[in-house]
Amino acid sequence: MSKFGLTMFVTDTSIDVVTLARKAEALGFDSLLVPEHPIIPVQMDTPFGGGGPLPEWYKKTIDPFCAMAAAAAVTKTLRIGTAICLVPERDPIITAKEVASIDRISGGRFEFGVGAGWLREEAEIFGVDFPRRWTQTQDYVQAMKACWGPHPSEYHGRYADFPALWCEPKPVQKPHPPVLMAGEGE
């Protein structure tokens, strides 16, 4: 796991992730982590953390898995990852494949920072059980761990449920990349 990392909202108006990753590695950073917000609802009642209006750049985050693939391709030692991936807003099987693929592309340098999200309106658009979003997150992470384990993979949980299937590739890191939980509030 990283010791001295950099977390940044990479957007369509910020420094590009390739330049950022190269510079972070050259400066001796151990890791580069990026957050995600797939969408931001135009109408929202949930207040932005710390009060005030939601910053414009917050609405423009690049997909973290695309960003980390680009960062992995241009670095050799920099650990890469999410800070955070909004797990309950994603399909757990596809996310498991993305995590394993990035871990493969990077040669085992991926760190999977997960969270449940703070923006109720965003989460509800994706069908998240918002009051129980941490329970849903935990269930999805367990489903992903099943996908990363021996095959065929099978999982039967409260929110994720799938029969035996092949989910390849498997991550380089065993039994899987580090899963780091982040959040605040409840």
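Glu36 and Arg90 are both buried, and in this predicted model they pair up in a salt bridge whose closest N and O atoms sit 3.0 Å apart. The two come from distant parts of the chain, 54 residues apart. Glu36 belongs to the loop between strand S2 (31–34) and helix H2 (64–73), while Arg90 is in the loop between strand S3 (79–86) and helix H3 (92–105).

Arg90 has another partner as well: its side chain meets that of Glu98 in a salt bridge, at 2.7 Å from N to O. How accessible are these two? Arg90 counts as buried at 13% relative accessibility, whereas Glu98, with a relative accessible area of 25%, is partly exposed. Shared partners then join Glu36, Asp63, Arg90 and Glu98 into one salt-bridge network.

| Salt bridge | N to O distance |
|---|---|
| Glu36 – Arg90 | 3.0 Å |
| Arg90 – Glu98 | 2.7 Å |

How many salt bridges does the structure hold? There are eight, and the ones in the table are among them.

Definitions and conventions. Residues are numbered from 1 along each chain as its sequence is written. This is a predicted model: local features need pLDDT of at least 70, side-chain atom pairs count only at pLDDT 80 or more; totals for chains, interfaces and linings use all residues. Side-chain values use heavy atoms; hydrogens and water are left out. A salt bridge is a side-chain nitrogen of Lys or Arg within 4 Å of a carboxyl oxygen of Asp or Glu. Helices (H or I, at least four residues) and strands (E, at least two) are DSSP runs, numbered from the N terminus. Buried means under 20% relative accessible area, exposed over 50%, partly exposed in between (1.4 Å probe, protein chains only).
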